[in-house]
Amino acid sequence: MASHVQFLKMNGLGNEFIVIDARKTKPHLGADAVRVLSSHETGPGCDQFITLEPSNSGADVFMRIHNADGGEVEACGNATRCIGRLLMDDTGRPAVSIETVVGILNARDTGHPDRVSVDMGVPKFGWQDIPLAEPFEDTRAIELQIGPIDAPILHTPSVVNVGNPHAIFWVKNDVESYQLELNGPMLENHMIFPERANVSLAQIHNKGELTLKVWERGVGLTRACGTAACAAAVAAYRIGLCDRTVLVHLPGGDLTIEWREGDDHILMTGGTELEYAGQINLDDLSWLRLPDGSAG
């Protein structure tokens with residue numbers, strides 16, 4: 001007899017997640033299974049595969065995150081908002097805590113349907129904390145470029161760690177005009193980033209608004225990346241391009257990022273969506289969508 005596990009399909013601004021609740025029983029799903037299920041050709045399809053487990057640190061849940069390539073990663077802002085929404089709906093409480101491999105994140109209700117705010121903690125700027133392969137005294141702009149030396153296409157990114165490593169290239173023109181789909185893989189795997197990096201193109205509109213396009217490590221181009229929005233916002237403030245509160249436009253929608261002055265914590269606010277519930281056959285990784293209402 002086949003064994004099965006239920007899942008939820010969710011998204012935050014089009015950033016897609018498969019969510020499995022493993023707090024009572026943990027199904028065996030290795031990297032190969034994650035890759036199969038994360039593919040839109042062989043599974044429900046997602047950018048990140050989320051497993052909910054018991055927390056050992058007093059949080060409401062431990063959230064384990066795997067990218068679509070099967071590799072485990074440290075943080076995902078959009079997933080944190082989605083899991084926060086699930087837990088608040090389940091408990092009836094206006095705030096919940098979510099443990100990750102890099103610490104505990106707190107999510108709270110905003111008073112608006114499906115919009116959740118998450119405290120993403122304090123960003124790290126030291127070269128060894130990002131990490132980089134060699135020392136840089138000032139990570140607001142490091143020496144890295146794509147294209148001819150005298151006329152680079154992309155150059156001098158800001159780098160920051162917000163639970164995972166990010167490189168932000170500042171561009172003057174539309175973010176769609178720089179072929180990130182071609183340059184993203186090379187930049188993600190550049191030798192300067194020993195743990196690879198999420199790579200963003202950021203166009204500043206004014207002190208309170210920017211547009212972002214993201215190549216996410218282990219995923220590729222994504223409709224939204226919460227940690228990238230956080231990274232771009234704090235990096236923009238550090239070099240005087242934006243204020244501490246920024247509206248970040250992504251292909252999937254908008255996020256509001258506030259880098260709080262009092263304690264340097266990053267607050268990220270944006271939408272969440274529960275798409276449907278489904279069931280996975282653990283024997284052959286086939287899956288089906290359950291009737292509407294099963295997710296409720």
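Author: A salt bridge here is a side-chain nitrogen of Lys or Arg within 4 Å of a carboxyl oxygen of Asp or Glu. The model is a predicted one. R64 and E53 meet that rule, with N and O 2.8 Å apart.

Reader: E53, buried or exposed?
Author: E53 is buried, at 8% relative accessibility. R64 is partly exposed, at 21%.

Reader: What does K26 pair with?
Author: K26 forms a salt bridge with E53, and the closest N and O atoms are 3.4 Å apart. K26 belongs to the loop between strand 2 (15-21) and helix 1 (31-38), whereas E53 is in strand 3 (residues 48-53), 27 residues apart. K26 is exposed, with a relative accessible area of 57%.

Reader: Which residues end up in one network?
Author: K26, E53, R64 and E72, joined by salt bridges that share partners.

Reader: Switching topic. What about D69 and R196?
Author: Their side chains form a salt bridge at 3.7 Å, N to O. D69 is in the loop between strand 4 and strand 5 (72-73), and R196 is in the loop between helix 3 (180-188) and strand 13 (198-206), so the pair ties together parts 127 residues apart in sequence.

Reader: And how exposed are D69 and R196?
Author: D69 is partly exposed at 29%, and R196 is partly exposed at 27%.

Reader: How many salt bridges by this rule?
Author: The count comes to 18.

Note on methods: Residues are numbered from 1 along each chain as its sequence is written. This is a predicted model: local features need pLDDT of at least 70, side-chain atom pairs count only at pLDDT 80 or more; totals for chains, interfaces and linings use all residues. Side-chain values use heavy atoms; hydrogens and water are left out. Helices (H or I, at least four residues) and strands (E, at least two) are DSSP runs, numbered from the N terminus. Buried means under 20% relative accessible area, exposed over 50%, partly exposed in between (1.4 Å probe, protein chains only).
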